[in-house]
Every structure is written in structure tokens, then in C-alpha cells.
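Colleague: Hi! I'm new to this one, could you walk me through it?

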Amino acid sequence: MRIMGLDYGSVTVGVAISDELLITAQGIETINRKQENKLRQTLARIEELIKEYNVERIVLGYPKNMNNTIGERAVKSEEFKVMLERRTGLTVILWDERLTTVAASQTLILGNVRREDRKAVVDKLAAVLILQGYLDYLSNKANVNLPD
């Protein structure tokens with residue numbers, strides 16, 4: 001089984017995939033959208049990747065506000081979740097993604113990635129951080145009942 005992580009933005013969707021052991025997340029691509037409200041091609045590409053990687057679950061970044069309220073982007077993510085579930089038949093989990101894009105940008109800056117090049121990969125790296133957070137959660141949850 002593999003899990004897909006998505007960082008859903010108004011212009012791009014970063015995509016990450018877990019390994020089969022559900023230990024690590026790898027960024028695979030950034031889907032560029034021509035218009036914010038046009039999702040047919042974006043959903044079709046996500047479906048292709050689901051088949052290619054044998055994905056059984058999707059983790060979708062949920063951009064809550066820092067004060068834990070739901071803003072416009074979070075509402076759009078909720079709507080996208082419904083579309084993904086309807087179109088793919090897979091379970092879609094909303095995952096708190098506060099500061100993941102900031103963390104991704106900082107990682108790229110620390111890695112001396114040029115500003116022009118950062119734009120191309122920041123959403124894919126944010127998807128990796130979202131998915132890795134979820135994978136770590138699953139791992140920790142599984143280890144809670146184990147003796148020391």
C-alpha cells in the first residue's frame with residue numbers, strides 16, 4: 001500500500017508518495033493548474049498517479065489559520081477533498097499543514113536553492129512534509145502500545 005500526499009494551492013498541487021513500507025515520503029511532481037476553478041485536468045493527473053503508484057489513501061494538506069480557525073483556503077481544501085473522494089473512491093484525510101510551505105521554503109533557502117528554482121519545487125516539498133507528518137503519526141500511533 002502507498003499513500004499520496006497533496007499540497008493543494010490556487011495555482012499548483014504538490015504531490016508526494018510514500019514508500020510501500022509507509023516510512024518515507026518522496027516528492028514526485030508539481031501539477032500546474034491553468035485556472036483555479038478548472039480542476040478536470042488536475043483530477044485526471046492525480047488519478048493517473050494513483051494508478052501508477054497503487055495508492056490506497058490520500059492525505060490532503062489542510063491550511064488552517066494559526067489561531068486554529070478555518071479560512072478561505074481551508075474551505076477550498078474541504079471542497080477539493082469531496083471531489084477527490086467522489087472521483088477516486090479513496091479515503092481522503094485532511095492533515096493540518098500550518099507552516100509546511102514556510103518550512104519547505106526555509107529548507108530550500110538553507111540548501112542554497114536559487115529563488116527562481118524554489119518556486120518550481122516548494123509545493124512538491126510541502127507535499128512531502130505533509131505526508132511525512134502523517135506517516136510519522138501512523139508510526140508513533142502503532143508504537144504507543146509497545147513495551148519499552
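Modeller: Happy to. Helices here are DSSP runs of at least four residues, numbered from the N terminus. Keep in mind that this is a predicted model.

Colleague: Which residues of H2 are buried?

Modeller: Ala74, Ser77, Phe80 and Leu84. Looking down the axis of H2, these buried residues fall within an arc of 110°, so they line one face of the helix. Glu72 and Arg86 are exposed, on the face turned away from the buried side.

Colleague: What covers the buried residues of H2?

Modeller: The cover includes strands E1 (2–8), E4 (55–62) and E5 (91–96), along with helix H1 (40–53). Leucine 84, for one, is in contact with residues including Leu6, Ile46, Ile58 and Val92.

Colleague: How many residues does the largest nonpolar core have?

Modeller: It has 19 residues, and Phe80 and Leu84 are among those with the most contacts inside it. H1 gives the largest share of this core, four residues.

Colleague: New topic: is aspartate 123 buried or exposed?

Modeller: Aspartate 123 is buried, because its relative accessible area is 15%, under the 20% cut-off. This aspartate lies in helix H4 (residues 115–143). Beyond its neighbours within four places in sequence, aspartate 123 is in contact with Asp7, Thr12, Gly14 and Thr30.

How values were computed
Residues numbered from 1 in each chain as written. Predicted model: local features only at pLDDT ≥ 70, side-chain atom pairs only at ≥ 80, totals over all residues. Heavy atoms only, no water. Helix = DSSP H or I, 4+ residues; strand = E, 2+ residues; numbered from the N terminus. Buried < 20%, exposed > 50% of the residue type's maximum accessible area, 1.4 Å probe, protein only. Contact = heavy atoms within 4.5 Å. Arc of directions from axis to C-beta. Core = buried A, V, L, I, M, F, W, Y, C linked by side-chain atoms within 4.5 Å.
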